[in-house]
Amino acid sequence: MKHRIWIFLIGIFCLFTWLAFRCIKEEPVKFLIPKGWPKPHYDFSKNKLTAAGFSLGRKLFYDPVLSNDSSISCASCHLQATGFAHVDHDLSHGIEGKIGTRNAPGIVNPAWNKFFMWDGGVNHLEVQALAPITNPIEMNESLNHIVIKLSTQLSYRKAFKRAFGDSIISGQRVLLGISQFLVMLNSSNSKYDKYIRHEKDGKFSVQELNGLKIFRKHCGSCHTEPLFTNNDFANNGLKVDTSLKDYGRYSITHNANDSLKFKVPSLRNIEFTYPYMHDGRFKKLSEVLNHYNSGIKSSKTLANELQKPMQLTAEQKTDLLVFLLTLSDKSFLFDQRFSYPREKS
Amino acid sequence: MYVAFSVAVYGMKAQKNEGSLIIKIHPVFNGKALKLTTEPYVNAHQDSLFIDVFKCYLSALKLSPGNGVEFKETKSYHLINADDSISLVFVIKNIPEGNFKTLSFNIGVDSISSVSGALDGDLDPSKGMYWAWNTGYIDAKLMGRSKQCKTRQNSFEYHIGGYSGPNKTLQKVRLDLNIINIEPNKTTHLELKAELAEWFNNPYLLDLSVTNAVLIPGKEALRMAENYADMFQVLKITSPKK
């Protein structure tokens with residue numbers, strides 16, 4: 001009789017240990033608004049963050065099953081180590097090596113974005129993934145077919161069950177899952193952030209301080225701190241590429257005032273997100289600075305801020321560049337939670 | 001406790017005085033039952049054509065008595081698809097008993113849904129009625145072939161939508177039912193026809209050799225939407241048996 005009680009107690013103990021480990025593995029995912037930042041644009045109330053939802057999103061983000069021939073995943077063009085940009089590719093390539101018309105931008109702090117894509121054609125974070133998924137030269141796939149493919153995989157049925165309570169896979173759930181991963185891709189730990197927070201690793205050199213001053217004077221009205229974007233569209237004086245003939249926002253709104261306007265990208269981790277601009281025409285940051293300093297092409301919709309040349313000296317340009325490097329956030333670029341999910345799930 | 005009890009009683013009572021309405025849609029072309037792909041039809045411009053795809057959203061269904069309280073269906077989105085007979089029949093439940101004179105609904109999806117991210121049910125973006133590159137719902141789709149179209153495989157494609165500013169394609173429909181009877185715990189049947197010939201005429205006469213691809217919001221989409229706005233008409237009402 002006594003034995004039985006012992007066996008019972010040991011059983012209970014094992015059960016609790018197992019549950020505890022399960023809980024540790026599935027620790028809740030928290031979205032934190034850094035001090036002094038505005039409220040995010042994304043409405044979390046309709047897609048409550050959970051560990052299971054986040055890990056489902058991570059699995060989907062890295063899975064080429066999202067493309068028609070299972071060759072391309074989101075991560076193919078959005079690599080963590082380079083700020084989720086497509087490093088060294090001016091125009092990104094998709095399925096069967098087909099070349100797109102734009103540079104895959106980095107992903108950083110997307111929960112604060114109002115519009116997505118260089119032309120702002122996507123109006124909500126949750127449906128952003130649909131654009132590359134359905135684009136015939138990117139992933140060339142339909143959401144419906146993805147649902148069918150995922151439904152045949154036991155690991156996905158389990159992952160959806162953990163995330164949504166039952167194993168039904170729907171288009172909405174696929175998109176909500178990916179969104180749970182995306183909204184966590186937040187960078188707020190660069191040297192710049194530490195400087196703002198007066199932390200001890202955040203001491204700026206004279207050069208960096210001077211660069212920040214120049215930045216605030218010449219760049220900050222569009223690349224607004226702390227997100228380093230004002231979430232708006234602007235014509236930044238780039239010559240039209242005659243082969244691409246990309247008029248940006250105009251292709252969405254058909255409003256002449258939007259001609260040649262593109263989304264103002266965040267500059268966070270800019271050190272790693274090269275090449276730059278919507279068509280990746282500049283390989284180096286120095287080329288970008290030269291463009292703004294003396295390469296602006298005037299046209300009807302050119303941003304007001306760029307009407308007058310900046311006329312920076314070589315020294316000032318160097319200082320500005322040194323400041324831009326303080327926007328790199330290694331803790332984001334190497335955050336284990338955002339990397340390829342190796343553990344079996 | 002008392003509140004819970006009274007709510008429960010009220011709930012039971014409310015249920016007793018409610019009935020349902022089954023709506024069945026019959027897609028037709030020039031009055032003849034639509035046969036996809038194989039049956040040739042002639043539009044107002046006298047172009048011969050085949051229909052391959054017809055899909056559209058019906059939303060915000062509302063029943064109005066002459067005077068009194070309207071009934072509005074909650075979460076009212078129905079995607080109908082000529083190729084899926086199940087989608088052509090849907091039930092509206094929990095309608096308070098009474099006589100109703102008009103049925104109103106929209107062809108298409110409201111703008112709020114078009115800016116609300118990933119939604120479920122008939123609004124799930126996997127249903128193929130969602131634009132990815134310029135986000136928003138496609139209100140209605142009509143696709144087919146005609147010799148008049150000098151396009152690949154002589155195809156014509158109309159994906160009609162647009163939710164913002166002057167490009168709003170949502171169409172309001174109001175159908176006179178004369179009188180429709182909703183009785184407690186019983187089902188009333190309403191059959192509607194969807195006359196696809198309307199897409200090609202009234203007020204704008206369409207020439208398939210000119211207009212064969214309308215795939216983005218804008219002026220042409222607005223015209224098409226105005227054309228199809230009156231495609232739904234009442235065919236038959238069957239009141240519950242006494």
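**Exercise 1.** Work out how much space the largest cavity holds and which kinds of residue line it.

*Solution.* Start with the volume: the largest cavity holds about 70 Å³ of space. This is a predicted model, where local features need pLDDT of at least 70, side-chain atom pairs count only at pLDDT 80 or more, and totals for chains, interfaces and linings use all residues. Residues are numbered from 1 along each chain as written, chains are lettered from A and ligands numbered from 1 in written order, and side-chain values use heavy atoms, without hydrogens and water.

What's a cavity here? On a 1 Å grid over the protein atoms alone, it's a set of points where a 1.4 Å probe fits but cannot get out, and lining residues have an atom within 4 Å of a point. A volume is the space filled by probe spheres set on the points, which are joined across faces, edges and corners.

Next, the lining: among its residues are A:Asn235, A:Leu260, A:Phe262 and A:Arg281. Sort them, and you get four nonpolar, three polar and five charged.

**Exercise 2.** Find what lines the second largest cavity.

*Solution.* Its volume is about 30 Å³. The lining includes B:Leu21, B:Phe71 and B:Ile92. Strand β4 (residues 48-64) of chain B gives the most, three residues.

**Exercise 3.** Decide whether A:Gln172 is buried or exposed, and list its contacts.

*Solution.* A:Gln172 has a relative accessible area of 16%, so it counts as buried (under 20%; exposed is over 50%, with a 1.4 Å probe and protein chains only). Leaving aside neighbours within four places in sequence, A:Gln172 is in contact (heavy atoms within 4.5 Å) with B:Ala118, B:Leu119, B:Asp120 and B:Asp124.

Notes
1 Å grid on protein atoms, 1.4 Å probe; cavity = no way out; pocket = protein on both sides within 12 Å on 5 of 7 lines; lining within 4 Å. Nonpolar A, V, L, I, M, F, W, Y, C, P; charged D, E, K, R; others polar. Helix = DSSP H or I, 4+ residues; strand = E, 2+ residues; numbered from the N terminus.
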